[in-house]
Amino acid sequence: MNDRNQRHQRSMEKLKAHVDEKIANAREQRGLVLVFTGNGKGKTTAAWGTVTRALGYGYKVGVVQFIKGVWECGERERLEQDPNLEVAVMATGFTWETQDREADTAACRDVWREAAKMLADESVYLVVLDEITYMLKFGYLDIATVIQALKNRPKDQTVILTGRNAHRELLELADTVTEMQEVRHAFNDGVQARRGIDY
Ligand code: ATP
Ligand code: MG
């Protein structure tokens, strides 16, 4: 047991030295681009979790929802009461419900204008572009437009982009990319999405 304790202590010392070195090397201070992608559950919840985190320190946050405007969303219900949060919602529902490409494109461009304003506003600490990957995939929004807005944003602003199948150029630009991997999802076993859990 004594031996085990010693080994544990040695490995903890090594780990601490390693982490200390990493901390010492991380000197840069700037806003980040984060992408939450992949097929597993957790992309939008992670984005709202970060929104809560930023609001907790009194920062201004902008959230743009690119697909689920007409959907309920518990986080939005709760956090909208915070004067530091601005939410812009696309005025149509799911595109495979509306089946109207022109109307969807127009709705997407309208809400993108709101996003572009946030991405140009120095006072906004965090911007979330939720489900934006689909807008790029459907061709409602141009990747070059998005990349340019991200590159020209204020230095201290962080942006989170979510959705499956993130565009290669977004992945290249991002500082942090997390891929939520589906191991299992209840929906595939016929269980309905749950209020307060899935939305
Ligand atoms: P969440 O909003 O729960 O964080 P998400 O943003 O990662 O999920 P989306 O692809 O945006 O996932 O899915 C939207 C809805 O579908 C949510 O209700 C979510 O719980 C559910 N969902 C997420 N992943 C899957 C999956 N692999 N199969 C079926 N439904 C899913
Ligand atoms: Mg989502």
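Tyr57 counts as exposed because its relative accessibility is 67% (exposed, over 50%; buried, under 20%; partly exposed, in between; 1.4 Å probe, protein chains only). The model is predicted: local features need pLDDT of at least 70, side-chain atom pairs pLDDT 80 or more, while totals for chains, interfaces and linings use all residues. Residues are numbered from 1 along each chain, and side-chain values use heavy atoms, without hydrogens and water.

Tyr57 pairs with Tyr59 in a tilted arrangement, 6.4 Å centre to centre with 45° between the planes. Rings of Phe, Tyr and Trp (its six-membered ring) pair if their centres lie within 6.5 Å; planes under 30 degrees apart are stacked, over 60 edge-to-face, and the rest tilted. Tyr59 and Tyr125 are stacked, at 3.5 Å and 5°. Tyr59 lies in the loop between α2 and β2 (60-65) and Tyr125 in strand β4, so this pair ties together parts 66 residues apart in sequence. Helices (H or I, at least four residues) and strands (E, at least two) are DSSP runs, numbered from the N terminus. Tyr59 is partly exposed at 32% relative accessibility. Tyr125 is partly exposed at 34%. Ring pairs link Tyr57, Tyr59 and Tyr125 into a cluster.

The magnesium ion (ligand 2) has Thr44 (OG1) and Glu131 (OE) as protein donors, 2.0 to 2.1 Å away. Donors are N, O and S atoms within 2.8 Å of the metal (3.2 Å for Na, K and Ca); water is not among the atoms, so sites may look incomplete. Thr44 and Glu131 are both buried.

Key. Chains are lettered from A and ligands numbered from 1 in the order in which they are written.
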